[in-house]
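Biologist: I'd like to learn how to read a sheet and a chain contact. Can you walk me through one?

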Amino acid sequence: MQKVILEYVEEEYLEDDDEELDVDTPLISGGIVDSFSMVSLKRFIENKYNITIPDDKATPEAFDTVTKICVLVKEST
Amino acid sequence: MSFSDTVRDIYKQQLKEIQDAGIFKQERFIHSAQAADIEVEFPTGSSLKKVINMCANNYLGLSCHPDVVKAAHEGLDNRGYGMSSVRFICGTQDIHRELEKKTTEFLGTEDTILFPSCMDANGGVFEAILTEEDVMISDRLVHASIIDGIRLCGAMHDTFKHSNMDHLEKKLQLHADKRLKMVITDGVFSMDGDTAKLDEMVALCEKYNAIIFVDDSHATGFIGKTGRGTHEQCDVVGKIDIITTTFGKALGGASGGCVSGRKELVEMCRQKARPYLFSNTIAPVVVSGVLKVMDILFQSTERRDKLEANANYWRKGLTEAGFILKEGDTPIVPVMLFNAKLSQDISRDLYEEGIYAIGFFFPVVAKGQARIRTQISAGHETHHLDKGLEAFIKIGKKYDILGKTKQEIIDKYGL
């Protein structure tokens with residue numbers, strides 16, 4: 001799961017091929033994903049894992065790293 | 001006193017942080033009409049300096065055109081100064097509707113509604129026509145006013161990479177379940193001067209049954225062979241569902257904006273858009289001036305043709321001198337310097353040479369993308385452009401950046 005989400009984040013949000021991410025790179029607090037663009041990540045995960053993440057759990061903190069996102073997905077499954 | 005020292009200190013600290021970050025904005029006072037030649041007081045209190053203005057949105061040179069000024073005077077005499085009312089109570093004159101009709105005809109749309117500014121048009125339009133069942137999919141480099149309008153709207157929001165049609169298509173697929181999908185873009189992007197691929201975007205919108213929105217503020221009046229805008233250049237006139245644009249740039253440059261497009265969407269704005277409902281519309285004197293601007297544009301393409309020739313001359317001159325420019329074919333010509341301090345130093349030196357052009361750096365543009373954004377006008381004559389080129393070349397030599405690659409400039413000055 002980590003690999004799938006990491007690949008999506010890299011394809012979706014990175015403009016420069018030289019940038020590198022790992023599962024603990026801060027995405028939102030690090031300025032890689034803005035709050036506007038977070039919605040596509042949420043929708044991708046919901047579609048991919050056939051889950052619904054409630055809005056009150058889809059916080060910038062919960063989406064801040066791939067590791068945290070994986071925890072959220074498991075909790076929502 | 002409620003504004004205590006403690007409260008004051010909070011703001012002093014915030015202002016200090018803005019200054020420390022190097023993004024504190026200072027106004028320069030112009031003591032003349034807006035034109036190619038202006039007299040500027042900068043720094044405040046200094047004696048006036050005559051400079052060539054190369055950073056105005058006065059693309060068609062109409063900001064102080066004598067016919068426009070005369071029409072505004074007549075409008076002031078015939079229709080008074082203010083309306084003292086919002087549109088739907090007693091704030092609509094015949095000339096407001098006349099301007100809406102002329103704008104509709106000019107843009108090739110179905111109907112138009114005026115707003116106090118294009119900022120207000122963008123601030124009100126999304127909330128007026130979309131609901132939580134819908135999605136807005138915007139280019140990542142759209143103007144700040146669109147971002148504010150999106151924030152005020154309850155519809156879902158997503159973005160696509162700048163001008164990346166593959167990415168846009170993926171987003172249209174991702175949000176296929178939404179009631180309405182609106183694709184949102186600028187026509188001409190103000191910082192880079194590049195043009196949206198409206199033909200490809202329209203094709204995608206047709207394929208995925210989406211609405212398309214274009215802010216053409218940096219295009220109306222001069223992009224396209226008769227100046228109708230980006231939709232004319234991309235051969236999609238009549239296929240853009242919503243165009244927002246401004247009268248505060250090429251079209252006389254005073255103030256005001258509009259939403260133009262499908263008549264049902266325009267009517268929804270008339271019923272629901274809050275900046276329209278809760279503030280006065282454009283003052284009669286300005287409407288009168290813009291009506292004259294429209295007459296000028298309907299009569300001839302002379303001004304946009306001159307602007308195009310000027311922009312080509314300027315772009316060619318800078319390129320031949322060895323500057324790195326953002327590619328494009330609009331009158332927005334960014335001279336890339338990459339380093340923020342270098343952009344400020346060169347802007348300051350150009351001013352000393354009599355050229356008024358501003359350096360932009362992060363956060364206005366991406367990090368490492370600092371530039372001087374030059375903007376060409378039909379009000380520029382060849383001697384203005386030649387003096388501008390002379391100054392740019394002199395300063396370019398001083399900093400040894402002519403003919404240098406991006407990497408060489410970065411190696412010399414850092415990012």
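This is a predicted model: local features need pLDDT of at least 70, side-chain atom pairs count only at pLDDT 80 or more; totals for chains, interfaces and linings use all residues.

Biologist: How many bridges join β5 to β7 in chain B, and do they run parallel or antiparallel?

Modeller: In general, strands of a sheet pair through backbone hydrogen bonds, either parallel or antiparallel. Here, four bridges link β5 (residues 135–139) with β7 (residues 181–186) of chain B, and the two run parallel. Within that pair, B:Ser138 sits opposite B:Ile184.

Biologist: What is the strand order of the whole sheet?

Modeller: It's an open sheet of seven strands in chain B, ordered β4-β10-β9-β8-β7-β5-β6, with mixed pairing. The edges are β4 (111–115) and β6 (156–160) of chain B, each pairing on one side only. On average, neighbouring strands are turned by 20 degrees against each other, direction ignored.

Biologist: Which strands does helix α6 of chain B touch?

Modeller: Helix α6 (residues 144–151) of chain B packs on the sheet against β5, β6, β7 and β8 of chain B, and its direction makes about 165 degrees with that of β5(B). Then there's α7 (residues 165–174) of chain B, which lies across β5, β6 and β7 of chain B at about 155 degrees to β6(B).

Biologist: And the contact between the chains: how many residues does each chain give?

Modeller: Chain B puts in seven residues and chain A six. On the chain B side, β6 and α7 each supply at least two, with β6(B) giving the most, four residues. By type, that side of chain B has two nonpolar, two polar and three charged residues.

Technical notes: Residues are numbered from 1 along each chain as its sequence is written. Chains are lettered from A and ligands numbered from 1 in the order in which they are written. Two strands pair if DSSP finds at least two bridges between them. Axes are lines fitted to C-alpha atoms, for helices over the stretch in contact, and angles run from 0 to 180 degrees between N-to-C directions. Two residues are in contact if their C-beta atoms, placed from the backbone, lie within 7 Å. Ala, Val, Leu, Ile, Met, Phe, Trp, Tyr, Cys and Pro count as nonpolar, Asp, Glu, Lys and Arg as charged, and the others, Gly among them, as polar.
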